[in-house]
Amino acid sequence: MSDKKFDYWFGVPRKEIKWYPKIDPAACIGCGLCAVICGRGVYSYDLVTKKPIVAQPYHCLVGCQTCANLCPVGAIEFPPPEVAREAARKYKIFIKVKEILKEKFAEQLIETAKEYGKEMASDRKG
Ligand code: SF4
Ligand code: SF4
């Protein structure tokens, strides 16, 4: 999968941030769970060797460790979480997060305010 939407993280070229899984082939039992659950196509799976391959490391979501958490034998490693936190600080993503929050929840806030307004009006009548 070569999905361009994963090439950037909050506008930062994803390759600037060294966050991706590494598999210990000696520990891996080839169950394939990591390759199946990752929704970003980071893994492919070799049906001959029966081992996953980190095919698109930079499609991994910065800070995500779901596959490592689920691997039954702990064969997947990530850098320390501080690497992701440091990237968030370095690239000032919280400025963008604030903007996204407004866009994402503005409608919800307006609806809540409308409902609140209706309740107040009916309280005054009653
Ligand atoms: S989940 Fe773990 S054991 Fe299963 S294929 Fe992936 S790395 Fe190997
Ligand atoms: S950490 Fe998340 S995004 Fe990254 S490879 Fe694992 S499941 Fe996919």
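How many nonpolar, polar and charged residues does the shell around ligand 2 have?

Good morning. The structure before you is a predicted model. Its protein chain contains 4 helices and 6 strands. Read from the N terminus, the elements follow the order β-β-β-α-β-β-α-β-α-α. The radius of gyration of the protein chain is 21 Å, well over the 14 Å that the globule rule gives for 126 residues, so the chain is more spread out than a compact globule. The C-alpha trace spans about 75 × 30 × 25 Å along its principal axes. Of the 126 residues in the chain, 14% are buried.

Let me return to the opening question. By class, the shell around ligand 2 has 8 nonpolar residues, 2 polar residues and 1 charged residue. Among the residues that surround this ligand are Cys-38, Arg-40, Cys-60, Cys-64 and Cys-67.

Ligand 1 has a shell of 12 nonpolar and 2 polar residues, with no charged residues. Of the 14 residues around ligand 1, those that come nearest are Cys-28, Cys-31, Leu-33, Cys-34 and Cys-71.

The largest nonpolar core has 15 residues, and Cys-34, Cys-38, Tyr-43, Cys-67, Cys-71 and Ile-76 have the most contacts inside it. Consider Tyr-43 in detail: leaving aside residues up to four places away in sequence, Tyr-43 touches Cys-34, Ala-35, Cys-38, Pro-52, Ile-53, Val-54 and Ala-55.

Finally, a word on contacts across the chain. Among contacts with a separation of 6 or more, 58% are between residues 24 or more positions apart.

Thank you for your attention.

Definitions and conventions
Residues numbered from 1 in each chain as written. Chains lettered and ligands numbered in written order. Predicted model: local features only at pLDDT ≥ 70, side-chain atom pairs only at ≥ 80, totals over all residues. Near = placed C-beta within 6 Å. Nonpolar A, V, L, I, M, F, W, Y, C, P; charged D, E, K, R; others polar. Core = buried A, V, L, I, M, F, W, Y, C linked by C-beta atoms within 7 Å. Buried ≥ 20, exposed ≤ 12 C-beta atoms within 10 Å, placed from the backbone. Contact = placed C-beta atoms within 7 Å. Helix = DSSP H or I, 4+ residues; strand = E, 2+ residues; numbered from the N terminus. Rg over C-alpha atoms; globule rule 2.2 N^0.38 Å.
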